[in-house]
Amino acid sequence: MLKNVQKIGKLLIVICMILIALSSPALAATVEENAEAIEGLQTALTFVWLLVASGLVFFMHAGFSLVETGLTRSKNTANILMKNFMTVVLGILVYWAVGWGVMYGADAAGLIGTDQFFLAGADNAMWNSWFFQMVFAATGATIVSGAMAERTNFKSYLVYCVLMVAVIYPVYGHWVWSGADLALLSGAESPIVKAIGVAHHDFAGSGVVHSIGGYSALAGVLLVGARIGKFRDGKAVPIPGHNLTFAFLGTLILALGWIGFNGGSTLSGNDAYMNLVVVNTFLAGAVGAVTTMAITWMKTGKPDPSLTANGLLGGLVAVTAPCGSISNWAAIAIGIVAGIIIYMGVMFNENTLKLDDPVGAIAVHGYCGTWGLISVGLFSIGIGNGILADASYAAAVPGLFYGGGVSLLMIQLVAVATTMIWGFGLSFIIFKILDAVIGLRVSEEEEIMGLDICEHGIRAYPEHLMREE
């Protein structure tokens with residue numbers, strides 16, 4: 001029996017060798033076809049990677065929902081869930097109809113895109129890119145949602161969300177990410193870039209997404225005012241959230257999503273440097289959390305849970321701009337500073353500016369986003385300098401600490417000022433108009449009752465109502 005099996009095996013080997021010999025001339029003649037097949041495989045890998053990365057970023061909206069509901073009171077849970085849900089729904093439709101065209105359409109004087117609305121003329125590559133960019137677009141509005149939670153008119157928020165995705169976010173995104181020659185902050189022919197000598201660098205959106213969202217939130221918080229009972233005799237009074245478990249679970253979901261947020265921003269499934277990007281991302285986030293925890297422990301004698309969670313988010317936000325251009329030690333340094341910014345930013349907002357930001361969004365996204373842009377000008381290795389020699393998306397020149405001079409730092413500071421002026425200024429005007437036309441804030445009675453009942457006619461936790469009855 002064994003001999004028969006061996007004979008059959010030998011016969012199969014001979015047949016295979018004959019087939020290979022017969023086909024070898026064809027193989028030799030299809031080198032170009034093999035090259036095309038490899039290129040097609042690489043393209044498919046990028047398509048799949050961007051879809052996976054997009055899915056991770058989309059999942060971050062679940063994280064935002066949990067963080068915001070966890071750090072606010074139970075009587076407003078359904079309202080916050082609705083705002084986050086509608087942010088995604090409206091974001092999909094508005095970015096398809098308007099946002100993509102404004103951001104990536106044919107350039108007009110470096111300021112705005114003018115075609116590709118409703119994805120006109122789209123092909124497979126554009127559909128893939130649109131989905132990846134769309135999940136970013138809604139994030140800016142979600143930042144505003146958390147900062148203005150528990151007292152904002154639902155209708156006003158929906159209108160603002162549409163304008164954020166249609167105008168505020170994509171116009172600034174056009175200036176940075178469109179690739180247009182005249183793009184205000186990044187185009188080779190832009191007067192600003194030519195004057196400074198280097199283009200602005202924001203790898204995955206410390207400025208485009210987070211700073212714009214953070215400073216838009218600052219405008220909203222200033223105009224909507226503090227929640228009832230937040231300040232007493234000029235001093236901030238803690239208003240504890242109703243579910244710290246939600247807040248921490250949401251924070252971890254957000255951290256997971258950052259694999260897609262930053263890693264996907266290589267825009268290639270074949271780029272080995274996505275691994276460095278992800279490592280830098282998590283190093284900065286981890287040390288940001290440790291730093292904020294240590295500060296609260298030293299200041300109060302107890303490690304503060306919610307601030308520690310925000311320390312993680314602050315580190316992730318800060319490293320989002322430089323993560324493709326720095327070494328590991330720089331990610332650690334950036335995360336440490338971000339952790340300090342979280343504590344100082346929250347204290348400054350509450351005790352000096354008298355701002356009521358229930359989730360700390362202004363400090364996390366606005367202030368740490370600004371630090372992320374600045375850190376590029378300090379820590380960037382630059383293309384062709386060390387480990388990032390082949391990473392085409394890295395900053396073009398080294399930062400100050402790597403002998404690159406002040407040019408990169410200067411353009412980064414220009415971008416910082418631009419995010420503040422554009423994000424805060426335009427949002428302030430929009431919120432002012434919304435306040436006059438619709439009303440930005442609910443009534444005192446509605447706020448005390450809770451937005452779940454007055455805005456939606458339900459409670460997220462109906463057993464509370466049963467106990468009251």
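Helices here are DSSP runs of H or I with at least four residues, strands are DSSP runs of E with at least two, and both are numbered from the N terminus. The model shown in these views is predicted.

**View A. Glu 150 sits in a loop between two helices and has a positive phi.** The loop that holds Glu 150 runs between α4 (124–147) and α5 (154–177). Phi of Glu 150 is near 80 degrees, which is a positive value in a residue other than glycine. Is Glu 150 buried or exposed? Its relative accessibility is 0%, so Glu 150 counts as buried. Glu 150 also belongs to a network of salt bridges, together with Arg 73, Arg 227 and Asp 356.

**View B. Arg 227 and Asp 356 are joined by a salt bridge.** The distance between their side chains is 2.8 Å, taken from N to O. Arg 227 lies in the loop between α7 (206–224) and β3 (231–232), while Asp 356 lies in the loop between α11 (328–351) and α12 (361–379), so this pair ties together parts that are 129 residues apart in sequence. Arg 227 is buried, with a relative accessible area of 4%. Asp 356 is also buried, at 1% relative accessibility. Both residues are members of the network that includes Arg 73 and Glu 150.

**View C. Lys 230 and Glu 350 form a salt bridge.** The closest N and O atoms of this pair are 3.1 Å apart. Lys 230 is in the loop between α7 and β3 and Glu 350 is in helix α11, so the contact ties together parts that are 120 residues apart in sequence. Lys 230 has a relative accessible area of 4% and is buried. Glu 350 has a relative accessible area of 18%; because buried means under 20%, Glu 350 is buried too.

**View D. Lys 194 and Glu 189 form a salt bridge.** How far apart are the closest N and O atoms of Lys 194 and Glu 189? The distance is 3.7 Å. A salt bridge requires a side-chain nitrogen of Lys or Arg within 4 Å of a carboxyl oxygen of Asp or Glu, so the pair Lys 194 and Glu 189 qualifies. Lys 194 is exposed, with a relative accessible area of 54%. Glu 189 counts as partly exposed, at 42% relative accessibility. The structure holds six salt bridges, and this pair is one of them.

View E. A disulfide is a covalent bond between the sulfur atoms of two cysteines. How many disulfides does the model contain? The count comes to zero. The sulfur of Cys 161 has its closest cysteine sulfur in Cys 454, at 20 Å, which is too far for a bond. For Cys 323, the closest cysteine sulfur is in Cys 368, at 15 Å, and this is also too far for a bond. The cut-off for a disulfide is a pair of cysteine sulfur atoms within 2.5 Å. Cys 161 counts as buried at 1% relative accessibility, and Cys 323 counts as buried at 0%. Cys 368 is found in helix α12 and counts as buried at 0% relative accessibility. From Cys 368 to Gly 250, the C-alpha distance is 19 Å, and the two residues are 118 apart in sequence.

**View F. Four glutamates gather in a patch of negative charge on the surface.** The members of the patch are Glu 32, Glu 33, Glu 36 and Glu 39. Glu 32 is in helix α2, which covers residues 31–70. With a relative accessible area of 54%, Glu 32 is exposed.

**View G. Nonpolar residues form a surface patch of about 430 Å².** The patch is made by Val 159, Ile 429, Ile 433, Val 437 and Ile 438. Which helix gives the most to the nonpolar patch? It is helix α13 (residues 407–437), with three residues. Ile 438 is in the loop between α13 and α14 (444–449). Its relative accessible area is 34%, so Ile 438 is partly exposed.

**View H. Leu 267 is a loop residue with a positive phi.** Leu 267 is found between α8 (244–263) and α9 (274–300), in the loop that joins them. Phi of Leu 267 is near 60 degrees, a positive value in a residue other than glycine. At 47% relative accessibility, Leu 267 counts as partly exposed, whereas Glu 150, in View A, counts as buried.

Note on methods
Residues are numbered from 1 along each chain as its sequence is written. This is a predicted model: local features need pLDDT of at least 70, side-chain atom pairs count only at pLDDT 80 or more; totals for chains, interfaces and linings use all residues. Side-chain values use heavy atoms; hydrogens and water are left out. Patches are made of residues with over 30% relative accessible area and no salt bridge: like charges are joined within 9 Å, nonpolar side chains (Val, Leu, Ile, Met, Phe, Trp, Tyr) within 5 Å. Accessible areas come from the Shrake-Rupley method with a 1.4 Å probe; for residues, only the protein chains shown count as cover. Lys and Arg count as positive and Asp and Glu as negative; His and the chain ends are not counted. The place of a charge is taken as NZ of Lys, CZ of Arg, CG of Asp or CD of Glu. Buried means under 20% relative accessible area, exposed over 50%, partly exposed in between (1.4 Å probe, protein chains only).
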